[in-house]
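Please keep the 3D view open as you read.

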Amino acid sequence: MASLRGIQQPELSKKLFKIIKSENHAIGAYESASRERISIASQLSDWGESTGDDSVSDVSDKLGVLLSELGEQEDVFAQNLEDYRGILKQIRNTESSVQPSRSHKAKISDEIAKLKYKEPESTKIVQLEQELVRAEAQNLVAEAQLTNITRQKLKEAYDLHFAATIERAEKQIMLARHGRRLLNLLDDTPVVPGDTRPAFEHAHQARQVLNDAEEDLRDWAPNLEPIHSTATEMGSNLMPAQAGTAATSVSGQEEESMVGPGESTQAQLEGPAPPEHRGFGSSSIVAQPETTPSY
């Protein structure tokens, strides 16, 4: 079914359709990595307990907790990528809606060229030329809307993507540093046969490492260079607000928006809300319900 959808995509939106589809595979890989990492963390804890070494058991159990949280961060990252992917879909949908306008204009131009070659005196030429003027005016509106939404949503999508990447990286760095602290609590001094290992003396410190990790994740906040945008000056018809509420054709009539037949441009292209901060153990970017097809 996914292949059929790709074939049915208008020519203008095929490349972005492919990117969105590839991102869906990447998101699935991150979700799979999250599940595998959490499973491995549990296995590590079970193995440590089976060694019969109290020190190894305690340290491996707490390493498992940190590794499990690393896995959770992969899942949060995948959720944020889904939000970014949803914004790309808004560009794709606009591209799809502009394609008929381009095709209509090209078709009329071809018909005029054929008539001028075969029947240069045909009265239909004048008719088609008037129709071409209207089609060009309509296409002009659609192309302006497309370039406006493309630039706005491209910045919005990758702002979200890179913010999520930075969040994932910084939180995983935190967890890895605390993991290294745990390793330093394990005494690996060699023993000779018959010697008995001393009891694990750092249980309290090991617990404190986990407390510190939890506190660091809870206190984490993004420190990002802002992405500047002047798209707030754009009206609901995807045109600069000062340009008026509708584009006017050469005949003085309002041109219909090319975005989403039967829908307002605002309803179709409304994107996720601006990023907000979540609490401990979750993303700083709020997941939004997807309003466009999942493919």
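This is a predicted model: local features need pLDDT of at least 70, side-chain atom pairs count only at pLDDT 80 or more; totals for chains, interfaces and linings use all residues.

## How the helix angles are read

## Overall make-up

The protein chain has six helices and zero strands. Read from the N terminus, its elements follow the order α-α-α-α-α-α.

The chain has 295 residues, and 35% of them count as buried. Its accessible surface is about 17,600 Å², with 52% of that belonging to carbon and sulfur atoms. If we take the contacts between residues at least 6 apart in sequence, 76% of them join residues at least 24 apart.

## Helices α2 and α3

Let us start with helix α2, which spans residues 14-50, and helix α3, which spans residues 54-118. The two pack at an angle of about 170 degrees, and their axes are 8 Å apart. Angles over 145 degrees count as roughly antiparallel, so α2 and α3 are roughly antiparallel to each other. Sorted by class, the residues of the contact of α2 with α3 are 20 nonpolar, nine polar and 13 charged.

## Two residues to look at

In helix α2 sits Asp46. Is Asp46 buried or partly exposed? Asp46 counts as partly exposed, because its relative accessibility is 47%. Asp46 and Gly64 are 18 residues apart along the chain, and 9.2 Å separates their C-alpha atoms.

In helix α3 you will find Arg92. This residue has a relative accessible area of 2%, so Arg92 is buried.

## Helix α5 and its partners

Helix α5 covers residues 203-219 and packs with α3 at an angle of about 10 degrees, with the axes 10 Å apart. An angle under 35 degrees counts as roughly parallel, and therefore α3 is roughly parallel to α5. From α3, the residues Asp58, Lys62, Val65, Leu66 and Glu69 take part, meeting Ala203, Ala206, Arg207, Leu210, Ala213 and Leu217 of α5. This contact of α3 with α5 has seven nonpolar, no polar and four charged residues.

Helix α4, residues 124-183, also packs with α5, here at an angle of about 170 degrees and with the axes 10 Å apart. This makes α4 and α5 roughly antiparallel to each other. On the α4 side, the contact involves Lys171, Met174, Leu175, His178, Arg181 and Leu182; on the α5 side, it involves Ala206, Val209, Asp212, Ala213, Asp216 and Leu217. The class count for the contact of α4 with α5 is seven nonpolar, one polar and four charged residues.

## An annotated stretch

One last stop comes from a database record. An unreviewed UniProt entry annotates residues 125-152 as "coiled-coil region". In the model, what is the helix content over residues 125-152? The stretch is 100% helix and 0% strand, and its end C-alpha atoms lie 40 Å apart.

Notes: Residues are numbered from 1 along each chain as its sequence is written. Side-chain values use heavy atoms; hydrogens and water are left out. Helices (H or I, at least four residues) and strands (E, at least two) are DSSP runs, numbered from the N terminus. Buried means under 20% relative accessible area, exposed over 50%, partly exposed in between (1.4 Å probe, protein chains only). Contact means heavy atoms within 4.5 Å. Accessible areas come from the Shrake-Rupley method with a 1.4 Å probe; for residues, only the protein chains shown count as cover. UniProt positions are given in the numbering used here, feature names are shortened, and annotations may be inferred rather than shown by experiment. Axes are lines fitted to C-alpha atoms, for helices over the stretch in contact, and angles run from 0 to 180 degrees between N-to-C directions. Angles under 35 degrees count as roughly parallel, over 145 as roughly antiparallel, 65 to 115 as roughly perpendicular and the rest as oblique. Ala, Val, Leu, Ile, Met, Phe, Trp, Tyr, Cys and Pro count as nonpolar, Asp, Glu, Lys and Arg as charged, and the others, Gly among them, as polar.
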